[in-house]
Amino acid sequence: MSAGFTFDVTANPSPASAERRAEILANPGFGQFMTDHMIEATWRVDEGWSSGRGTPYGQISMEPAAAVLHYAQEVFEGLKAYRHADGSIWTFRPEMNAARLQRSAARLALPELPSEIFLHSLEVLVGLDRDWVPAFGDGEKSLYLRPFLFATSAYIGLRPSHEVRYMCIASPAASIFTGGLRPISLWISHYARAGAGGTGAAKCGGNYASALAGQIEGQRNGCDQAVFLDSSTRTYLDELGGMNVFFVTKDGRLVTPELTGTILEGITRDSILKLAGEFGLVAQERQVPIAEWQEGVASGDILEVFACGTAAIVTPIGELRWDGGLAPSTAGDHGGPVTNGIRERLLGIQQGRSEDTYGWMTRLL
Ligand code: PLP
Ligand code: COI
């Protein structure tokens, strides 16, 4: 039962000093520094959810036989908290993250975390670490929230864990890419990230581990990131290791690969599809042959390509490279006008500078 579920709070007796926090917030990078607190709750097969707490950020213990360490029974989420001009703190479409965590959990045979517990945990953590939410007007900075569920049963036989832990940690974030906002180059990975019937649509750690070899391959070939194709035909575009992809076409379409079960159902992706009309574009979800990109850049049919996600926000994509070929960038030094227009509109809504026409923002504090 989730009604009235509480998190008992123990404040960190030795949080980062105000000076240290200011130093970190001046230059947070992405994901390098953790805040002073974390959230935990436990699920047991015969009891459901209990033991909610907010505690000082620190090490956790579990048995070496814990199932997550062997069978990767784990799922996670990512969303951000934004400080608005009046000091209030908001987050973007958190009910979508709560629902996706439930879908991911179901795929990984983990228990469902009720949405009310999920949302309440964000309020508690951001309440404890409110001073870590970057100031209004400080570029794209926000507080990245990372909720996750993992299997802690100590049992080496393979079965769904009888004990699962929910945690949420937070980390101040600027751009996920070094060098700020600039077009990123992509390498078409030889490796697949996900396959039909697999876990591609779940936000589970294993998908990210499987994308790393492609990322290394991409970096060895001078690219920032890898892009993955469908595993069965290697003909269609799927997504990046941590971002969805869009094209802007000459005939006024905003095109993104359809949800086939192998890509993540991105919340930024869904939001951008809904914003397309504001830019006079027709949103289109369909299979996207990689050849369309390779040829469309040369023919002028593709005007812009960009990646999107919570961490990436909207990031222009430049050159596409593969074994033996290259499609040049259409992004210039800073990305095209649609890419930047959508980025600005989305960030404007998130930061409270632009009208929240769709009711996407939820106040946390
Ligand atoms: N695709 C993958 C594989 C991701 O990890 C992410 C990041 O969360 C996305 C897409 C974008 O999803 P969202 O917009 O919900 O952050
Ligand atoms: C996010 O954008 O929230 C993600 O989880 C992507 C991750 C690679 C940082």
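Colleague: Which residue has a side-chain N or O atom 2.8 Å from an oxygen atom of ligand 1?
Modeller: That residue is Arg 100, whose side chain makes this polar contact (a pair of N or O atoms within 3.5 Å). Please keep in mind that this is a predicted model, in which local features need pLDDT of at least 70 and side-chain atom pairs count only at pLDDT 80 or more, while totals for chains, interfaces and linings use all residues. Residues are numbered from 1 along each chain as its sequence is written, chains are lettered from A and ligands numbered from 1 in the order in which they are written, and side-chain values use heavy atoms, leaving out hydrogens and water.

Colleague: OK, and what lies 2.5 Å from a nitrogen atom of ligand 1?
Modeller: A polar side-chain atom of Glu 239 lies there, whereas Ile 267 uses a backbone N or O atom, which is 2.7 Å from an oxygen atom of the ligand. Taken alone, ligand 1 exposes 380 Å², of which the protein buries 97% (accessible areas by the Shrake-Rupley method with a 1.4 Å probe).

Colleague: How many residues are around ligand 1?
Modeller: There are 17, counting a residue if one of its heavy atoms lies within 4 Å of the ligand, and those that come nearest are Tyr 208, Glu 239, Ile 267, Thr 268 and Thr 310. By class, the shell has six nonpolar, seven polar and four charged residues, where Tyr counts as nonpolar, Glu as charged and Gly as polar.

Colleague: What about polar contacts, say at Tyr 144?
Modeller: A polar side-chain atom of Tyr 144 lies 2.6 Å from an oxygen atom of ligand 2, while side-chain N or O atoms are 2.7 Å from a ligand oxygen for Lys 203 and 3.3 Å for Arg 146.

Colleague: How much of ligand 2 does the protein bury?
Modeller: The protein buries 82% of the 290 Å² that ligand 2 exposes when taken alone.

Terms used. Polar contact = N/O pair within 3.5 Å; in protein donor to acceptor, adjacent residues only side chain to side chain.
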